[in-house]
Amino acid sequence: FNKTDCVLCGQCTVVCPVGALVEKDDTDRVLDAIFDPDKTVIVQTAPSVRVALGDAFGLPDGSIVTKKMVSALRMIGFDKVFDTNYGADLTITEEAGELIDRLKNNKTMPMTTSCCPAWVNFMEKHYPDKIAHLSTTKSPMAIFSAIAKTQYAKQENIASKNVFSVAIMPCIAKKYEAKRQELTQNGLFDTDAVITTRGLIKLIKYIGIDFNNLPESEFDNPMGESTGAGAIFGATGGVMEAALRTAYEWMTDKPMPTLEYTPVRGFEGIKEAQVEIGGHNLKIAVVHTLKNAALIMDKLRDGKCDYDFIEVMACPGGCVGGGGQPVTTTFAATKERIKALYTIDRSSKLRKSHENPYLKKLYAEFLEAPGSETAHKLLHTHYHAREKEFDFSK
Ligand code: SF4
């Protein structure tokens, strides 16, 4: 086991050779909330869960089971079934605005993405001197939950403390992210519980839901509406591609000549490209696995990194290959899931995050504008140095 290959939360201090360290399961807490008449239990599902869940029910790798997944979650008893892709659209809108602000106002560059909690944790422990490079924009899960506990609760006339916000994630590190003190408001965690794809599979089977024969149904709104850009978040390069679609249009008043920006797609560990955008020659890099991220960060420390914008995902292939996905995940399955996410994007009516109609409404009625004071208070966060468990130099 190579410590730099660890794709989990980095919270463990030992590597257990016999598997005695198991993932913390929040399912009981979620079921308790569902049976609590005072709670409105809402659920969000990450983009890569819908293309991995089918594996457990005998479907081919990369099957898109979004609508059956929504039906299953309703049968389990969630009051509202929403979509993390809506949160991803919001993350992109804020992050594109942040990138432009950093570029135009000579702020800390390069900016790196921060939606992967394992990567954030790695930075806080191993590159604390470089924390200012992390985007302050919250991850899709966190941004979704922050809106759910404020604007959504207010709109539905529910006390924030009675909204129980559950996230279905392909990721174990998201359990750790949900417990970060920075992601709380008035003493309440924004995200109350995280269940992995594996956990959801267990629950569906435990309840005895005949998944393959479920009818299909749609997400609830307003937080179930999303664009193709939100969907590709689950693949390595997806955050970069989605952010470029918005940043390019905002900086040039024109859409990107090609929405499908292929230089950031594919499995290479470090992908590089340059984009002419509003008078800037933007140098970008897309990195997956922390081993590759460390190479880039060492370059940054040595003053040899001339990128403007870097995407980092800890898991191989991005969240589609996440630590909370079915244990049977193979390289071939990861590739099929990525293809499926691109199919979802291609078949989406809207493919740019800032065009999401419910987001436009949210900004008009509540947040004012990307990067506004309210947006900063709710949708951005901060990071700090943490003690590290491993010293890679030894
Ligand atoms: Fe979690 Fe995705 Fe990061 Fe993997 S790449 S640790 S699944 S957020």
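Guide: Two strands pair if DSSP finds at least two bridges between them. The model here is a predicted one.

Visitor: What makes β3 and β10 a pair?

Guide: β3 and strand β10 (residues 309–313) are joined over two bridges, in the parallel sense. The definition asks for at least two bridges, so the two strands count as paired. Within β10, Ile310 is the bridge partner of Thr112.

Visitor: Where do these strands sit in the sheet, and what is the order?

Guide: The order is β3-β10-β9-β8, in an open sheet of four strands with mixed pairing.

Visitor: Why are β3 and β8 called edge strands?

Guide: β3 (111–112) and β8 (270–277) each pair on one side only. Helix α9 (residues 238–252) packs on this sheet and touches β8, β9 (280–288) and β10. The direction of α9 makes about 10° with that of β8. Helix α10 (residues 290–301) also lies across β8, β9 and β10, and runs at about 140° to β9.

Visitor: How do you know whether Thr108 is buried or exposed?

Guide: Thr108 has 11 other C-beta atoms within 10 Å. A residue with 12 or fewer is exposed, so Thr108 is exposed. The place of Thr108 is in the loop between α3 and β3. Leaving out residues up to four places away in sequence, Thr108 touches Arg102, Ala132 and His133.

Visitor: Why is α3 said to be largely enclosed by the rest of the structure?

Guide: Of the 21 residues of α3, 17 are buried, so the helix is largely enclosed. To be buried, a residue needs 20 or more other C-beta atoms within 10 Å of its own.

Visitor: What span is expected for α3, and what does the helix reach?

Guide: Helix α3 (residues 84–104) reaches 30 Å from its first C-alpha to its last, close to the 30 Å expected at 1.5 Å a residue. Just after α3, Asn106 takes a positive phi of about 50°.

Visitor: Which residues have the most contacts inside the largest nonpolar core?

Guide: They are Trp119, Val166 and Ala243, in a core of 104 residues. Helix α5 (residues 140–155) gives the most to this core, with eight residues.

Visitor: What is Trp119 in contact with, leaving aside its neighbours within four places in sequence?

Guide: Trp119 is in contact with Leu290, Ala293, Val312, Met313 and Ala314.

Terms used:
Residues numbered from 1 in each chain as written. Predicted model: local features only at pLDDT ≥ 70, side-chain atom pairs only at ≥ 80, totals over all residues. Core = buried A, V, L, I, M, F, W, Y, C linked by C-beta atoms within 7 Å. Contact = placed C-beta atoms within 7 Å. Expected span 1.5 Å × (residues − 1). Axes fitted to C-alpha atoms, helices over the stretch in contact; angles between N-to-C directions.
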